[in-house]
Amino acid sequence: MRLIHMTHTEHRGSDTYHYYRIQTAWVDRPHEGVRTGSLRCATCGDMVGFRLRSRARAKARRRVWLALGIIAAASLAVLIVITARMISSGSGGESRTLVPAALAVVALIPPVILLPGEDGVSLIRLRGSGPHAFKPMKIRAAWSRPPAADRPVRAEIVFDDPGPPAP
């Protein structure tokens, strides 16, 4: 998992740049279920709570987001076809599909945003975690400045549970 600490933000004209420090921590996933714990941030020293899901649970969450996205996209496509037929027939009832189409678009937004980032690691508290986040291991998702300052550090991880029994 990768702990991201946003160090600062710069505004240049109409563009906004966010700068991060990245800390990589290697943790074994539980065989089943969920483990919770805390990871000490190497940048600020805060303990950041995380929830680590098993591979099967992470895959199931990705499937749920994918299914919701497909349902919302299919609903939107059906509503577009119905609206096009109403317009071509001249019945004048196309305004009745406006609200359902808007709801389908709104329902499509969370799966599009959350599906790519679902890797089975998340913050315990979404609010109150300060400048911290867990992101998938895609280095293009964050720039680090200065790059030489991101040295590998030994991760201090404390789990809330005793852990899985030894095989």
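Q: Where is Ser54 found?
A: In this predicted model, Ser54 sits in the loop between S4 and helix H1, which covers 55–89.

Q: Is Ser54 buried or exposed?
A: Ser54 counts as buried, at 2% relative accessibility.

Q: Which strands make up the open sheet, and in what order?
A: There are 4 strands, ordered S5-S4-S3-S7, and the pairing is antiparallel.

Q: Which strands stand at the edges?
A: Strand S5 (121–123) and strand S7 (157–159) do. Each has a single partner strand, so one side of each has no neighbour in the sheet.

Q: Which residue in S5 is the bridge partner of Phe50?
A: Leu123 is the bridge partner of Phe50.

Q: Change of topic: cysteines. How many disulfides does the count come to?
A: The count comes to 0 disulfides, with a cut-off of 2.5 Å between the sulfur atoms.

Q: What is the nearest cysteine sulfur to Cys41, and how far away is it?
A: That of Cys44, at 3.8 Å. Cys41 is in no disulfide because a pair of sulfur atoms has to be within 2.5 Å to count.

Q: And what about Cys44?
A: Cys44 is in no disulfide either; its nearest cysteine sulfur is that of Cys41, 3.8 Å away.

Q: Is Cys41 buried or exposed?
A: Cys41 counts as buried, with 3% relative accessibility.

Q: What is the relative accessible area of Cys44?
A: The value for Cys44 is 35%, so Cys44 is classed as partly exposed.

Q: Now the surface. Which residues form the nonpolar patch?
A: Val105, Ile109, Val112, Ile113 and Leu114 form the patch. Together they have about 440 Å² of accessible area.

Q: Which helix does Leu114 lie in?
A: Leu114 belongs to helix H2, which spans residues 98–114.

Technical notes. Residues are numbered from 1 along each chain as its sequence is written. This is a predicted model: local features need pLDDT of at least 70, side-chain atom pairs count only at pLDDT 80 or more; totals for chains, interfaces and linings use all residues. Side-chain values use heavy atoms; hydrogens and water are left out. Patches are made of residues with over 30% relative accessible area and no salt bridge: like charges are joined within 9 Å, nonpolar side chains (Val, Leu, Ile, Met, Phe, Trp, Tyr) within 5 Å. Accessible areas come from the Shrake-Rupley method with a 1.4 Å probe; for residues, only the protein chains shown count as cover. A salt bridge is a side-chain nitrogen of Lys or Arg within 4 Å of a carboxyl oxygen of Asp or Glu. Helices (H or I, at least four residues) and strands (E, at least two) are DSSP runs, numbered from the N terminus. Buried means under 20% relative accessible area, exposed over 50%, partly exposed in between (1.4 Å probe, protein chains only). Two strands pair if DSSP finds at least two bridges between them.
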